[in-house]
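Subject: Structure handover

Hello,

Here is the structure I said I would pass on. Please open it first and then read the notes below.

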Amino acid sequence: MTNVFDDPRITAVGLLYEVHAGLSARFAAQLEEHDLSTVEFEVITRLARSPGNQLRMTDLAAQTSLSTSGVTRVVDRMERDGLLTRRACPTDRRSSYAVVTTAGMQRLNETLPGHLRIIEQWFTGQLGPEALAALLDGLRRVRDAVHPCATAGSTDAAPEEEITADGATRA
């Protein structure tokens, strides 16, 4: 008799959950050293990786696991801490952008070396180049199927000003 729990689909999802839990715990401890929550780190990283270091608030919500009201609360808190600011959308008065500030880029730059060490030690360093390429391809396929808005706003034209990785402003 075949055990239904030996199904490779259950194994795949179980392993994904276990990996996520293990990495999340390591990330949370490291981010706490830099006074960032995992959600704040996700928000600031997504903004820093976007054109002009900014996204419309609705696109930021679509890219994260947060609701629009959840994004508003996180951005409010990060704005009070000086890590983000809001900028009015020039083409839609109802929309606004969340933008990483120079202080936010500095905090991210201070946080990234430790974050990258954890990624290398516990995740990508466990895989060879071919395995990593295959994993990235597979993860993108699954992400695009289950979260098609995950890259919303990422290809918009860059605004007039952009904060570079070293915290400088570039026109």
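Helices (H or I, at least four residues) and strands (E, at least two) are DSSP runs, numbered from the N terminus. The model is predicted, so that local features need pLDDT of at least 70 and side-chain atom pairs count only at pLDDT 80 or more, while totals for chains, interfaces and linings use all residues. Residues are numbered from 1 along each chain as its sequence is written, and side-chain values use heavy atoms, with hydrogens and water left out.

Overall picture

The protein has six helices and five strands. Along the sequence they follow the pattern α-α-β-α-α-β-β-α-α-β-β. Taken along the principal axes, the C-alpha atoms fill a box of roughly 65 × 35 × 30 Å.

The next term is burial: a residue is buried under 20% relative accessible area, exposed over 50%, and partly exposed in between (1.4 Å probe, protein chains only). Of the 171 residues in the protein, 31% are buried. The exposed surface comes to about 11000 Å², and carbon and sulfur atoms supply 56% of this area. Such areas come from the Shrake-Rupley method with a 1.4 Å probe, and for residues only the protein chains shown count as cover.

A contact means heavy atoms within 4.5 Å. Among contacts with a separation of 6 or more, 58% are accounted for by residues 24 or more positions apart.

Charges and rings

Lys and Arg count as positive and Asp and Glu as negative, with His and the chain ends not counted. The place of a charge is taken as NZ of Lys, CZ of Arg, CG of Asp or CD of Glu. The protein has 18 positive and 23 negative side chains, and the centres of the two sets are 5 Å apart.

Where does the charged end of Arg26 sit? The answer is over the ring of Trp122, 3.9 Å from the ring centre. The rule asks for NZ of Lys or CZ of Arg within 6 Å of the ring centre and within 35 degrees of the ring normal.

Rings of Phe, Tyr and Trp (its six-membered ring) pair if their centres lie within 6.5 Å; planes under 30 degrees apart count as stacked, over 60 as edge-to-face and the rest as tilted. By this rule there are zero aromatic pairs.

Two loop residues

Asp35 is in the loop between helix H1 (8-32) and helix H2 (38-48). Phi of Asp35 is positive, near 60 degrees, in a residue other than glycine. Asp35 counts as exposed because its relative accessibility is 58%.

Asn53 is in the loop between H2 and strand S1 (54-56). Asn53 is not a glycine either, yet has a positive phi of about 60 degrees. Is Asn53 buried or exposed? Asn53 is buried, because its relative accessibility is 3%.

Arg87 belongs to strand S2 (residues 84-88) and is partly exposed, at 31% relative accessibility.

Arg117 is part of helix H5 (residues 102-122). With a relative accessible area of 57%, Arg117 is exposed. Arg117 and Arg140 are 23 residues apart in sequence and, C-alpha to C-alpha, 23 Å apart in space.

Ala131 lies in helix H6 (residues 129-146) and counts as partly exposed, at 37% relative accessibility. Ala131 and Gln106 are 25 residues apart in sequence, and their C-alpha atoms are 33 Å apart in space.

Regards
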